[in-house]
Amino acid sequence: HVPTLVSALKSYGYKTIAMHPANPTNYGRQSVYQEMGFDEFYSFDDYAQYDKVFLDRTADIDDYREILKVIEQEDEPLFIFNVTIQNHGGYTLSTLNPKYELVHVDESIAGYEDVQMYLTLINESNKALQYLIEQLQEISKPVILCMFGDHQPSVEQEFLDKAYGVAQADMTMEQYMDKYRTPFVIWANYPLEEEGPEETSLNFLGQYLLRYAGIEPDPYGQFLWSFQQTIPALTFVGYTDGLGNAYSHLEDTVYTGKIEDYQRLQYVRLFGGPEEGS
């Protein structure tokens, strides 16, 4: 019962829906989403009418069609948390649905089949995102779309070394952090009053979403908003300061004390304060 985006938005009268076009037992979602307070959960069987991109992967565009259906049939304010599955590896060329055409790659990466499959899938994602935004633009009610990647694709290491321009063993901390960098976008079908951020991390991204939606943060959210003014991105790998400098958690810096305060606050939020006398 830790406060989340779900509980924050439900307190403002939002209906909350989780969607994941795959096995509902992945990461225990069928139980976790219920515990988090989601009102409904759409999973694999709800997408049975659609052809798959490869193996049992539902296409992004079909996933988005279901999102649009949900928006159309609901009158109350909605929070939809959707986890796509189309681009999840492994990327086996032989399993691609024939109705999808492989993208052409130049000779420099022609031998990397995982890369070609991933680029084919991300190309389809680009088309699907365009479709989703075009459809959302036509909706009369205000809509905010927040989309982010959870990790970079697992493709051939030799290709990744070429893409990064350096082997992992020779990376600086800034270069190593780039291995965990993914794109995100916040878009609305109406003008947003504020801009940014250019760089963030998931622990802060939700606060931007609430801010754009006009939801007042709780004291913890206020702390996060203040914290990210100094450290705009904080991950399990490391963190960056306002100047873009990257640091490892293994080194002691001027920010270490601030991060330790954050850790203590997280602990209390999760488990409560210490027992009296302990």
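The crossing of α8 and α9 is left-handed, a crossing being left-handed if the near helix is turned anticlockwise from the far one by less than a right angle, and right-handed if clockwise. This is a predicted model, in which local features need pLDDT of at least 70 and side-chain atom pairs count only at pLDDT 80 or more, while totals for chains, interfaces and linings use all residues. Residues are numbered from 1 along each chain as its sequence is written, and side-chain values use heavy atoms, with hydrogens and water left out.

**Packing of α8 and α9**

- The two helices (DSSP runs of H or I, at least four residues, numbered from the N terminus, as are strands, which are runs of E of at least two) pack at an angle of about 160°, with their axes 12 Å apart; axes are lines fitted to C-alpha atoms, for helices over the stretch in contact, and angles run from 0 to 180 degrees between N-to-C directions.
- α8 and α9 are therefore roughly antiparallel to each other, given that angles over 145 degrees count as roughly antiparallel, under 35 as roughly parallel, 65 to 115 as roughly perpendicular and the rest as oblique.
- The contact (heavy atoms within 4.5 Å) is made by Y220, F223, L224, F227 and T230 of α8 and by K258, I259, Y262, L265, Q266 and R269 of α9.

**Helix α9 itself**

- The 16 residues of α9 (residues 256-271) should span 22 Å at 1.5 Å a residue, and the end C-alpha atoms are 22 Å apart, which agrees; the expected span is 1.5 Å times one less than the number of residues.
- The buried residues of α9 are T256, I259 and Y262, where buried means under 20% relative accessible area, exposed over 50% and partly exposed in between (1.4 Å probe, protein chains only).
- These residues cover an arc of only 115° around the axis, which puts them on the same side of α9, the arc being that of the directions from the helix axis to the C-beta atoms.
- They pack against α7 (202-212), α8 (219-230), β6 (233-234) and β7 (238-240).
- Just after α9, G272 takes a positive phi of about 85°.

**α3 and α4**

- The axes of α3 (residues 60-73) and α4 (residues 113-137) come within 9 Å and cross at roughly 15°, and that makes α3 roughly parallel to α4.
- This crossing of α3 and α4 is right-handed.
- The buried residues of α4 include V115, M117, L121, A128 and L132, and what covers the buried residues of α4 includes α3, β4 (144-148), α5 (157-164) and β5 (184-188).
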